[in-house]
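Keep the structure open as you read, and find each residue as it comes up.

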Amino acid sequence: MDWHPLTEEEVYDELGTSREGLSSDEARRRLETEGPNRHEVEGGVSPLSVLADQYRSALIWLLIVAAGVMYSVGHLVDAVVIVIIVVLITAFGFVQDYKAEKSIAALKEMSAPSAVVRRDGTKSEISAHEVVPGDLVYFSSGDVVPADVRLVEVNNLRTEEAALTGESTGVTKETGTVAEGTPLAERTNMAYKDTAVARGSGVGVVVETGDDTEVGRIARSLEEADERDTPFQAEMDHLGKLIAVGVVGVVGVIAVTELVIGDTPPLDVFLTAVAVAVSAVPEGLPAVVTLSLALGARRMASRNALVRRLPIVEALGSVDTICTDKTGTLTEGEMTVKRLYADGETVEVTGSGYSTDGDLLVKGERIEPDRYDELFRCALLCNNADASSDSDYVGDPTEIALLVASQKAGFGLEETRDAYPRRGEIEFDSTRKRMTTVHRTPDDRRVAYMKGAPETVLDRCDRELVDGEVRELTDERRDEIAETNERFAGDALRVMGFAYRDGVPDGAEDATADSETADEVESGMVFLGLQGMYDPPRPEVREAVDGCHDAGIRVIMVTGDNAVTAGAVAEEVGIDTDRVVTGSELDSMDDDELYEVVAEANVFARTTPEHKVRILQALQATDHTVAMTGDGVNDAPAVKNADVGVSMGIRGTDVTEQASDIVLLDDNFATIRDSVREGRRIFDNVRKFVNYLLSGNGGEVTMIFSGTMLGFGLVITPIQILWINLVTDGIPAVTLGVDPEAEDIMDRPPRSPDEGVITDRMVFSIVGIAVFMAACILPLFYIHRHDTQLARTVVFTSFVCFEIVRIQAIRHRYGLGVTSNPWLIAAVAVALALQMVVLYTPVAVFFDVTPLGLEHWGRIGVSLAAFIALMAVFVKVQDRFFDKY
């Protein structure tokens with residue numbers, strides 16, 4: 001349906017709604033009828049497609065061909081067993097992949113943007129997926145429009161619609177009707193799902209959701225995270241190609257040896273080739289890697305760090321520099337006005353948090369607040385925060401603090417805003433560092449109210465209000481106000497200045513930040529005073545900063561606050577303050593000078609988003625791996641280009657969130673530290689099971705190849721190898737993914753970004769383990785060579801026992817004891833129990849094994865003891881010639 005030609009009332013009538021929005025009950029009913037506000041591609045994971053993916057593996061088809069060959073030559077039991085194992089392998093892969101996909105889908109659901117709607121007559125914040133037709137939605141600069149809406153109120157609203165229409169410039173929006181047949185790009189009274197609000201604010205009634213939106217019709221979702229292989233997967237793909245070349249080489253040598261030199265039947269050569277292929281390919285590795293990353297990401301989400309892209313887990317271990325905001329990240333983010341300066345006096349304000357209980361004190365004596373009415377009125381009107389109830393606020397923490405202070409002074413929110421209706425807004429941005437609103441007074445005058453950085457507000461003033469009279473703002477008074485601002489900032493207060501102008505010029509209602517009218521409106525202002533807000537450092541941040549320093553990670557504060565406040569807070573949380581650099585200083589530096597500054601300065605104050613980008617680029621140019629935090633829409637470029645982009649889940653904008661790799665659900669710096677810790681743990685565990693699986697497969701290949709070259713023939717059958725790979729390798733490998741962290745995980749330096757999963761030490765470990773396993777097991781085959789079935793059974797069982805012992809050899813260097821992972825103990829117990837089932841029950845016929853006696857177990861024990869002794873020496877050799885990690 002075309003909504004743009006309809007009047008506002010016609011839209012309400014068509015949708016059965018009003019300017020008060022929907023009731024909660026009606027919204028719930030419509031959600032059930034219309035479905036969630038998301039695209040079909042976001043809706044879920046197809047189990048059938050995940051199952052089909054399991055049969056894309058070349059190894060699976062090799063096994064199917066082998067089963068066919070076995071059946072055709074009369075080896076029915078072998079054929080059936082291979083088919084059963086193929087089913088088990090694919091089922092195992094399906095379960096892991098499906099869990100991983102569901103985990104990723106759950107993370108995407110958690111990262112869905114929020115929306116502010118009016119329901120039951122009050123504003124509330126909900127998931128954008130719960131928005132329904134007829135909802136009244138509110139959005140402002142930095143938000144993403146949650147659905148297709150017909151606009152009913154705008155304040156300098158401009159949206160970026162390039163993703164939908166291809167228009168590279170923003171579109172200015174307005175209310176009213178638009179002629180029928182107007183092209184999509186020119187429907188100025190509409191805002192569309194997934195387009196970003198570039199400036200201003202607006203209110204709209206939702207007309208379409210989900211696949212019925214314009215972006216839904218072209219099946220394109222800007223919310224959907226990029227689908228790409230992780231670096232682990234890329235490395236595994238490369239490894240797979242190397243293994244394939246190696247398999248061809250080994251099989252070629254064996255074939256020539258057996259067929260040309262020896263007299264081995266072709267079927268046996270074929271079985272040997274299958275055994276080599278099966279033993280060489282770590283079939284479970286990609287699934288285990290993906291599952292481990294996905295489950296690790298879910299664990300991070302439970303700790304308030306929402307990973308939006310799995311590859312970032314690798315980068316977390318390499319981060320050596322964290323650039324963090326101050327407000328809400330290092331501090332509590334719940335500001336309280338503690339001090340005023342007006343009429344030449346400093347006033348203390350009591351109370352804490354968002355409670356409206358509190359008094360104004362001068363030299364300890366309670367005073368009436370009415371002499372500061374104009375200051376409080378300015379703070380309440382030039383403010384976009386709102387209250388959904390007496391104690392529940394929606395908006396920026398700074399604006400909420402100002403709102404609460406005005407309510408302490410006796411100003412009613414709705415009464416004041418109704419008496420002074422807003423007629424225009426010149427929006428805040430990081431360059432102007434101020435915001436101005438235009439209002440109609442009760443006696444029908446036009447007045448402008450301004451708030452912003454004190455120095456910026458002072459620059460726009462030529463008078464001040466003292467004892468209710470407007471007086472000239474002298475240079476002496478300017479210096480006094482500036483000194484007061486410095487004093488407030490030195491006490492770690494965030495300070496804002498306030499001013500007003502009576503009788504604003506024509507066109508003020510439509511003024512924008514970059515217009516001449518705005519400059520005229522914001523000149524000749526009357527200074528009202530200062531308000532200083534305290535935002536205490538989070539109690540856990542000092543320990544988190546110290547933990548980062550211990551882990552070799554440098555912490556840099558990048559804030560818009562002034563240098564004095566920034567330095568005071570930095571000192572409280574343990575960030576070095578030997579040098580504090582301001583944005584104006586950055587502007588005067590060329591790149592070479594900046595490279596030198598970022599090498600030593602840890603506090604940057606009065607910065608803009610453009611400064612953030614320069615600081616980031618300078619750090620990256622000097623070979624640092626950087627995590628960068630951001631919340632405003634203009635922070636998106638820095639967050640997007642950081643090695644790890646971190647957005648704020650509470651106060652952050654939707655645009656920045658979509659540009660980020662990680663969303664902090666609690667906006668807490670300590671969560672960044674915990675994310676690095678969890679990322680390092682996940683990476684360690686990936687390395688463990690890569691080492692475990694590849695060394696096991698290497699041992700199988702070495703043993704088969706060596707046995708063939710020594711004339712033993714096939715020392716272990718393909719079916720037995722498949723069982724080892726599926727049970728002895730697969731089950732414990734999954735539990736390695738939940739291994740606890742090493743004690744020194746945050747005491748070691750960051751990993752080099754050029755360092756992959758497989759290191760020189762791991763290659764040495766894989767080769768050494770493979771050789772020692774073959775050297776200890778092959779003599780057992782030789783001892784029992786007169787009974788091939790018994791000899792293979794001993795080799796088969798020995799390999800299972802060796803595999804289990806090998807786990808602890810790999811975990812040893814991480815300082816983990818045998819009992820540190822209960823899941824691993826359970827997995828080992830299950831693997832051993834299943835091996836006993838294979839040996840001592842009727843299923844033995846399917847694996848061509850015979851029951852072992854105490855004598856055979858004794859020989860296996862001796863061989864295992866030799867392997868343990870060799871591994872003990874081998875680990876010491878590794879520790880001597882290679883780095884620990």
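1. Start with a charge over a ring. The charged end of Arg339 sits over the ring of Phe488, and the distance to the ring centre is 5.1 Å. Bear in mind that this is a predicted model.

2. Now look at a lysine. Lys688 lies over the face of Tyr814. Here the distance to the ring centre is 4.8 Å.

3. How many aromatic pairs does the structure hold? There are nine. Take Tyr354 and Tyr393: their ring centres are 5.9 Å apart and their planes stand at 75°, so this pair is edge-to-face. The cut-off for that label is an angle over 60 degrees.

4. Where do these two tyrosines sit in the chain? Tyr354 is in the loop between β11 (345-349) and β12 (360-362). Tyr393 is in strand β15, residues 393-394.

5. Phe764 belongs to helix α27 (residues 760-783) and Phe874 to helix α31 (residues 854-881), so the pair ties together parts 110 residues apart in sequence.

6. Are these two phenylalanines buried or partly exposed? Phe764 has 30% relative accessibility and counts as partly exposed. Phe874 has a relative accessible area of 6%, so Phe874 is buried. The cut-off for buried is under 20%. Ring pairs also link Phe764 and Phe874 with Phe772 and Phe882 into a cluster.

7. Turn to helix packing. Two packed helices are described by the angle between their axes and the distance between the axes. Helix α25 (residues 669-709) and helix α26 (residues 718-736) have axes that come within 9 Å and cross at roughly 165°. That makes α25 roughly antiparallel to α26. Their crossing is right-handed.

8. Which residues meet there? On the α25 side they include Asn685, Lys688, Phe689 and Tyr692. On the α26 side they include Ile721, Ile724, Asn725 and Thr728.

9. Helix α25 has another partner, helix α28 (residues 788-811). Their axes come within 10 Å and cross at roughly 150°. This crossing is right-handed. Among the α25 residues that meet α28 are Lys688, Asn691, Tyr692 and Ser695. On the α28 side, Val795, Phe799 and Glu803 are among the residues involved. Lys688 and Tyr692 are also among the residues that meet α26.

10. Zoom in on Asn685. This residue is found in helix α25. At 1% relative accessibility, Asn685 counts as buried. Leaving out residues up to four places away in sequence, Asn685 touches Leu736, Gly737, Val738 and Asp739. Pro740 is 55 residues from Asn685 in sequence, yet their C-alpha atoms are 8.6 Å apart in space.

11. Finally, step back to the whole protein. There are 31 helices and 28 strands. Of the 885 residues, 55% count as buried. Take the contacts with a separation of 6 or more: residues 24 or more positions apart account for 72% of them.

Key
Residues are numbered from 1 along each chain as its sequence is written. This is a predicted model: local features need pLDDT of at least 70, side-chain atom pairs count only at pLDDT 80 or more; totals for chains, interfaces and linings use all residues. Side-chain values use heavy atoms; hydrogens and water are left out. Rings of Phe, Tyr and Trp (its six-membered ring) pair if their centres lie within 6.5 Å; planes under 30 degrees apart count as stacked, over 60 as edge-to-face and the rest as tilted. Helices (H or I, at least four residues) and strands (E, at least two) are DSSP runs, numbered from the N terminus. Buried means under 20% relative accessible area, exposed over 50%, partly exposed in between (1.4 Å probe, protein chains only). A charge sits over a ring if NZ of Lys or CZ of Arg is within 6 Å of the ring centre and within 35 degrees of the ring normal. Axes are lines fitted to C-alpha atoms, for helices over the stretch in contact, and angles run from 0 to 180 degrees between N-to-C directions. Angles under 35 degrees count as roughly parallel, over 145 as roughly antiparallel, 65 to 115 as roughly perpendicular and the rest as oblique. A crossing is left-handed if the near helix is turned anticlockwise from the far one by less than a right angle, and right-handed if clockwise. Contact means heavy atoms within 4.5 Å.
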